[in-house]
Amino acid sequence: MSSTEAPAVAAEEDEPEELLPPRLTPRDLRRPSWVAAHVGILVLAVAFALLGRWQWDVGHRVAPLTASELTAWRTPEPVDSVITSDNGLNGTQVGQAVEATGTYDSARQLLVPGRVLNGSTGYYVLAPLVTSSGEAVLVNRGFLSTAGGAEPAIPAAPKGRITVTGWAAEPESTTGEVNANGIVQSQTTGTVSAANEIEFISPAELVNQWPYRLADGYVTATDPASLSGGLRLIAAPLPPHGTSWDLLNICYAFQWWLFIGILGCWYVIYLRRELRPQPARDPGDEDWDDDEDDEA
C-alpha cells in the first residue's frame, strides 16, 4: 500500500455515521392519539395495582374474634397479674380489662397536653392510685377537653378506697424508640407549659415526681367514679386478631405488581428509542436488501 492511500483510509474511518430524523418528536407525544396511549398505560397500571391489592386481601384474612375471646378480654383481671412489677406489660395484653383497688392521691394529679379524642383536643388526666405502702398504680382517669385556650381545672379524684376498672396500656417512650415488645412507642403530644403537666405517660419518668413505686405500664380507667368531673372515656383497643395467609394468592399479588414495573420499563424504553435519531441503513445490509425486495 502506498503512502498516498493511508490518508484516504483514515478520512473514511473518521467520517461520522449518517443519522436519520427520529420517528417521534416531543411534539408528537402531545397529539390526541399519543395522549390516549399515555392514559391507557396509566389505566392499565392502576388496574394491575388494584388486582394485586385484591389478591393480597384474598390471601391475607383476619379471623374474627369469638364471643368467648371478647368476654375474656372484657372481664377484668387483677392489675398485678397483667402489669407486673418485674416485667411490666406484655404487648399482646394491651387493652385487657383490669381492676385495682386503692386510694387516689388527688393532690398529685397531672395533665398530659396535646391529646386528641374523636377530633377534640385536650388533656389526659393522670393520678396515682395508692395500693399499699410506697406502691401505686398509674391511672389515666380520662380525657379532659380544652376550655378555650386556658388550661382547665383538674377534676378532683374520688375520695376513699375504691376499685378502679379499666384497660392495661403500655407506657409511652420519651424518645420514640422501639420497646421490648417491638412496638414503636412514639406519641404526638403537646408542649408542657405548667408545673402540673407532663409530656408523656411514662412511669419511669413519674417515679421522679411521685413518692411511689410504679410498674412499667398503666391503667386507662373506664369506671364512672374515675371519670367523674366531666372526663370522657378512652375506649380500649380490641385484642390481637388471628390471621391466615394463602401463599398462592400472595404470589399472584406480587405478580400483578411486577407487571406494573415491566409495563412502565417497556413504555419508557420504547419512547426513548423512538425519540432518538435513527442510524441510516447501509444499502449492503441484508435487512436493507430484504426491504427493497418487499417494496419491489
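**Notebook: salt bridges in a predicted model**

I searched the whole structure and found seven salt bridges, a salt bridge being a side-chain nitrogen of Lys or Arg within 4 Å of a carboxyl oxygen of Asp or Glu. The model is predicted, so I note that local features need pLDDT of at least 70 and side-chain atom pairs count only at pLDDT 80 or more, while totals for chains, interfaces and linings use all residues. Residues are numbered from 1 along each chain as its sequence is written, and side-chain values use heavy atoms, with hydrogens and water left out.

**Entry 1: overall figures.** I counted seven helices and 13 strands in the protein; helices (H or I, at least four residues) and strands (E, at least two) are DSSP runs, numbered from the N terminus. Of the 296 residues, 32% count as buried; buried means under 20% relative accessible area, exposed over 50%, and partly exposed in between (1.4 Å probe, protein chains only). Among contacts (heavy atoms within 4.5 Å) with a separation of 6 or more, 72% come from residues 24 or more positions apart.

**Entry 2: Arg 23 and Glu 274.** I looked up this salt bridge and found its closest N and O atoms 3.5 Å apart. The pair links distant parts of the chain, 251 residues apart: Arg 23 sits in the loop between strand 1 (19-20) and helix 2 (32-59), and Glu 274 in helix 6 (residues 247-275). Arg 23 is exposed at 51% relative accessible area, whereas Glu 274, at 7%, counts as buried.

**Entry 3: Glu 172 and Arg 115.** For this salt bridge I noted 2.8 Å between the closest N and O atoms. Glu 172 lies in the loop between strand 10 (161-169) and helix 5 (203-206), and Arg 115 in strand 7 (residues 110-117), so the pair ties together parts 57 residues apart in sequence. Both Glu 172 and Arg 115 are buried.

**Entry 4: Arg 213 and Glu 135.** I found the closest N and O atoms of this salt bridge 3.2 Å apart. The pair links distant parts of the chain, 78 residues apart, with Arg 213 in the loop between helix 5 and strand 11 (218-221) and Glu 135 in strand 9 (residues 135-145). Arg 213 is exposed, at 52% relative accessible area, and Glu 135 is partly exposed, at 33%.
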